[in-house]
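Have a look at what is shown below, then work through each one.

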Amino acid sequence: MVARVVIAAPSSGSGKTTVATGLMAAFTEAGLAVSPHKVGPDYIDPGYHALATGRPGRNLDAYLCGPGLVGPLFAHGAAGCDLAVVEGVMGMFDGAAGQGELASTAHVAKLLRAPVVLVVDASSQSRSVAALVHGFASWDPQVRLGGVILNKVGSARHEELLREALDSSGVPVLGALRRAPQVRAPSRHLGLVPVAERQAEAVASVAALAEQVRQGCDLEGILALARSAGVWSGDAWDPGSGAAPDRPAGRPVVAVAGGAAFTFSYAEHAELLTAAGADVVGFDPLHDERLPEGTAGLVIGGGFPEVYAPELSANEPLREAVAALAESGAPVAAECAGLLYLTRELDGKPMCGVLDARARMAERLTLGYREAVAVSDSVLAPAGTRTRGHEFHRTVVEPGAGPAPAWGLHAPERRVEGFVQRGVHASYVHTHWAAEPGIARRFVERCAAG
């Protein structure tokens, strides 16, 4: 039995992250083992969730992983916990563009058979809140809207008017939060500033969120709603289920970039690499001047190298070590920020020079799901492999693809992108390896082969 509740909203900016993170922290401080989850591909919110609960923040993305994996991934993350809090994405019924409910908060709530609490930005309304809540409660009968939390309430009188309006809606009010700018996390061009970049301030913010939620929300009512979800009977995802029967001898070391510049990663990737037979060792390209001892393969995920370009460039010994590893033919998997780090330069600052390309900040945000097919054989996948990914960046790499591109993309426009050379696979496209466990297995086998 894992009590579970989904935190949704009518639109982005309503306060889902505030409420979800505050609930996670408040319940954790009350002595519950809380499992944190985020609908969609976002990497930043799960960092705050992890800080609030002491457990890895995990994503539930029905587009990247398919609807069939949402339940097993949830059960894997929630194993041994008392309560799971799932933060939604965008508006409750907003999913993958042009594909109906796929990957929406409502879709995931139905897959988990979990009740929903709707967070409403009440700052500019009073009686109209009842019409809004009625619409969300009645739109899809398969989604159980179990309560409302009113956010950005202006005063006691404002709260009274809102509660009166909702009295006849049939949806209980489970909380009312006043405007509190002191608990907001700072934002930047891709959303919130990640926890790793503001650790002390983030700890204080999460503590303030927990206090705000304790004072303004009916925690007992929310927990009772979560417990009404009933028993979860599905199997849990197992990172070892796709491992080769004969795993590599000697456990090759796979170095995984981290630190403030490279904060985007899914917890399941390290679990898959470990299950495939690797020793996963983290390092920080901002501070470490050499790769971990015995590095046989390198994974550089997403993040914000554009913010730290001078510091990354100044660490010349590590840049040379990365270039030498790539030149040796060792497996290197680079996504988005990792791609930028491997170019010749980023905003005029020298990078590793593995790829004959240059990167720079751009005015336009590139964001969205992608259908992808592997164009070239690589350390991640054979040519022809089909998968789904996600792009999320405000930078440009020129050229956008090498002589052997990584992926062919089919939406929103047809193009090739990324680079495959020697053992390097570098691309803007983020993928979730749980959907393709053969990626981690193939990568570790190549590392072991030397």
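**Exercise 1.** Find what helix α11 lies across, and its angle to β12.

Solution. Start with helix α11, residues 316-327. This helix lies across β11, β12 (295-300), β13 (332-335) and β21, running at about 110 degrees to β12. Helices (H or I, at least four residues) and strands (E, at least two) are DSSP runs, numbered from the N terminus. Angles run from 0 to 180 degrees between N-to-C directions, with axes as lines fitted to C-alpha atoms, for helices over the stretch in contact; contact means heavy atoms within 4.5 Å.

This is a predicted model: local features need pLDDT of at least 70, side-chain atom pairs count only at pLDDT 80 or more, and totals for chains, interfaces and linings use all residues. Residues are numbered from 1 along each chain as its sequence is written, and side-chain values use heavy atoms, leaving out hydrogens and water.

**Exercise 2.** Work out the strand order of the open sheet and its edge strands.

Solution. The 6 strands go β11-β10-β12-β13-β21-β20, with mixed pairing. At the edges sit β11 (279-283) and β20 (419-421), each pairing on one side only. Two strands pair if DSSP finds at least two bridges between them. Now zoom in on β20: 3 bridges join this strand to β21 (residues 424-427), and the two run antiparallel. In β21, H425 is the bridge partner of V420.

**Exercise 3.** Decide whether E268 is buried or exposed.

Solution. First locate E268 in helix α9, residues 267-275. Its relative accessible area is 0%, so E268 is buried (under 20% relative accessible area; exposed is over 50%, partly exposed in between, with a 1.4 Å probe and protein chains only).
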